[in-house]
Amino acid sequence: MPERSDERRIQADIQLAANGPARLWRNNTGALKDQRGQLVRYGLCPGSSDLIGFRTITITPDMVGQHLAVFCAVEVKDRGRPTEQQVAFINLVQQAGGLAGVARSVPEALSILRL
């Protein structure tokens, strides 16, 4: 079984490679019990991608010079497969016009981000 650090290394490499036209942040999701024993959930939402952020693009000629931030989500996998919730999140982002997908390497992530 691959070490968890493999995914972390890939995530860090993707963040560095995309920096500039895109900004990606690590999105940890999960839950834990607080000091009173109450469950506290963290992260964007269940199934949300490992790296989330935006990519700046220049839009069509009728709005020359203006920029638009497009939501981006990259689910990083070293060998495993995305869960149903992760696939649903990626599909939702894509259907809304965002850039999203599963990446196992920096080149795959840059392709998702269209860089």
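## Rings and cores

There is one aromatic pair in this structure, which is a predicted model. The partners are tryptophan 25 and phenylalanine 54, and the pair counts as tilted because the ring planes sit at 45° with the centres 6.0 Å apart. Tryptophan 25 belongs to strand β1 and phenylalanine 54 to strand β4 (residues 51-58), so the pair ties together parts that are 29 residues apart in sequence.

How exposed are the two partners, going by relative accessibility? Here's the rundown:

| Residue | Relative accessible area | Class |
|---|---|---|
| Tryptophan 25 | 49% | partly exposed |
| Phenylalanine 54 | 30% | partly exposed |

Now for the nonpolar side of things. The largest nonpolar core is made of 15 residues, and Ile14, Leu24, Leu51, Val74, Val76, Ala103 and Leu113 have the most contacts inside it. At least two residues of this core come from each of α1 (4-18), β1 (22-26), β5 (67-76), β6 (99-103) and α3 (106-112). Strand β5 gives the largest share, with four residues. Another core lies apart from this one; it has six residues, including Ala73, Phe89, Val93 and Ala100.

Technical notes
Residues are numbered from 1 along each chain as its sequence is written. This is a predicted model: local features need pLDDT of at least 70, side-chain atom pairs count only at pLDDT 80 or more; totals for chains, interfaces and linings use all residues. Side-chain values use heavy atoms; hydrogens and water are left out. A nonpolar core is a set of buried Ala, Val, Leu, Ile, Met, Phe, Trp, Tyr and Cys residues joined through side-chain atoms within 4.5 Å. Buried means under 20% relative accessible area, exposed over 50%, partly exposed in between (1.4 Å probe, protein chains only). Rings of Phe, Tyr and Trp (its six-membered ring) pair if their centres lie within 6.5 Å; planes under 30 degrees apart count as stacked, over 60 as edge-to-face and the rest as tilted.
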